[in-house]
Every structure is written in structure tokens, then in C-alpha cells.
Amino acid sequence: NDESVLENHHLAVAFKLLQNPDCDIFINLTKKQRQTLRKMVIDMVLATDMSKHMSLLADLKTMVETKKVAGSGVLLLDNYTDRIQVLQNMVHCADLSNPTKPLELYRQWCNRIMEEFFQQGDKEREAGLDISPMCDRYNATIEKSQVGFIDYIVHPLWETWADLVHPDAQDILDALEDNRDWYQSQIPVSPSSSENELKEEDEVELGSAACGDEQ
């Protein structure tokens, strides 16, 4: 149906595997528990579709504000909607966690995902198609793309999550900011390029890519 194609595929394969008795890790659950778990898993995985990133982030910010105005500063999570919202954002954070890892590990995975993008761009070039954002190995700058990815996608999400679970995610947020600064220091800047121009280019590039690419 062209909606969340990758995420729907992952779910279909996962539940297909569970039909194998040797793979059914939920065999001891009751029918009702399995139904509840199935719904939760579907809701969480579909929320990792990057086209839903901005609405998910907006809902998370609302939850943070609700926590701040609550007298106890604690979210009750006494209904399914609130609970699944926290779980969706937790999985979404995990999905966008590469930039929060130790720098050497982050760089390894960054290089792998960029090579995957470049191979896609190569195939698009061979087929005479427009090359997708960040997929042209002859024009893309890995360092700049990572700074933009962190600034406009990853950091706003992790900053809000860190607010929600404060102070438990502060170390992760600090690592993310250190990694961002390292990639910023590696960007080759031409004499005619200003920092504002680089930021504007990042916004255009990431605005085009955010709905289709995850790192």
C-alpha cells in the first residue's frame, strides 16, 4: 500500500517467524496477552518511519511540558495512549542512536550507511534517475551531512527525551554533542563558504532526505 513499506515488511517477517514453534518466544503468553503485545509492537515499529518523525517529536515535547507542570513531576502513564507514546519514542531514539555512540563506533557505522547510500546513488545514476539526497558519492560530504543530521533530526529528539527522563540520558546527550562537534571540525570549508551558507545547504538536503533515510 506504499505506506511505511520497510516498517511493514519488518513486522510481517517478524510475525511470520513467530509462527515457527522453534522461534515463538511468546509461547507462554495467553491469547489476550499476545494480542496486546502484537498491537504494541506494530505501533512501536510503525512509529520508526521517518515521515512520522516531526509529529512524534511534537507529541514528545507536549508530554515533557505536561510532566513539568505536574505537581509531582512524574508522568502517571495510566492509559495505553501515553504508555505507547513513551515506548514509540524510546524505540525511535534507539533507531537514531548511532550518533550517540562512542566516536570510533559511530564513525564505523556512519561509513557503512554512507556507502549504502552511495551504492544506491550509483544504481540511480546507471538507471538515468535523479540521485537521492546524500547518495551522490561525487558530491556528498559525509562530515557535513552528519552535522546536519544531528542538528535537525537527532539532537532535537534526544534533547527532548533527555528532558523526559532527566537526568538518566544526560551522558548520552553529552556524547552526541561531542560527536557533533568532532564532525563539525572535520568539514572542509572553502574560503567562500560561510557557516550560515553551510547550515542553509544542510536544511535543504536534510529536508529532502528525512522522510526516506535513517542512519
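Student: Is Y183 buried or exposed?
Tutor: Y183 counts as buried, because its relative accessibility is 3%, and please keep in mind throughout that we are reading a predicted model.

Student: Which rings are linked into a cluster with Y183?
Tutor: Ring pairs bring Y106, W182 and Y183 together in a cluster, and the structure holds two aromatic pairs. In one of them, the ring centres of Y106 and Y183 are 5.2 Å apart with the planes at 65°, so this pair is edge-to-face. Y106 belongs to helix α5 and Y183 to helix α7 (residues 170-186), so their contact ties together parts that are 77 residues apart in sequence.

Student: And how do the rings of W182 and Y183 sit?
Tutor: Their centres lie 5.0 Å apart and their planes stand at 90°, so W182 and Y183 also form an edge-to-face pair. Y106 and Y183 are both buried, whereas W182, with a relative accessible area of 25%, is partly exposed.

Student: Switching to charges, how many salt bridges are there?
Tutor: A search of the whole structure finds nine salt bridges. One of them joins the side chains of R137 and E115, at 3.2 Å from N to O. R137 lies in the loop between α5 (103-126) and α6 (142-164) while E115 is in helix α5, so this bridge ties together parts that are 22 residues apart in sequence.

Student: What else does R137 form a salt bridge with?
Tutor: R137 also forms one with D122, where the closest N and O atoms are 2.8 Å apart. Here too a residue of helix α5, D122, meets one in the loop between α5 and α6, so the pair ties together parts that are 15 residues apart in sequence. Salt bridges with shared partners join E115, D122, R125, D136 and R137 into one network.

Student: Where do R125 and D122 lie?
Tutor: Both are in helix α5, three residues apart, which is about one turn of the helix, and their side chains meet in a salt bridge at 3.3 Å, N to O. R125 counts as partly exposed, because its relative accessibility is 32%. R137 is partly exposed at 28%, and E115 is partly exposed at 31%.

Student: One more thing, which ring does the charged end of R38 sit over?
Tutor: The charged end of R38 sits over the ring of F15, 4.5 Å from the ring's centre. In another case, R112 lies over the face of W109, at 4.6 Å from the ring centre.

Conventions:
Residues are numbered from 1 along each chain as its sequence is written. This is a predicted model: local features need pLDDT of at least 70, side-chain atom pairs count only at pLDDT 80 or more; totals for chains, interfaces and linings use all residues. Side-chain values use heavy atoms; hydrogens and water are left out. A salt bridge is a side-chain nitrogen of Lys or Arg within 4 Å of a carboxyl oxygen of Asp or Glu. Helices (H or I, at least four residues) and strands (E, at least two) are DSSP runs, numbered from the N terminus. Buried means under 20% relative accessible area, exposed over 50%, partly exposed in between (1.4 Å probe, protein chains only). Rings of Phe, Tyr and Trp (its six-membered ring) pair if their centres lie within 6.5 Å; planes under 30 degrees apart count as stacked, over 60 as edge-to-face and the rest as tilted. A charge sits over a ring if NZ of Lys or CZ of Arg is within 6 Å of the ring centre and within 35 degrees of the ring normal.
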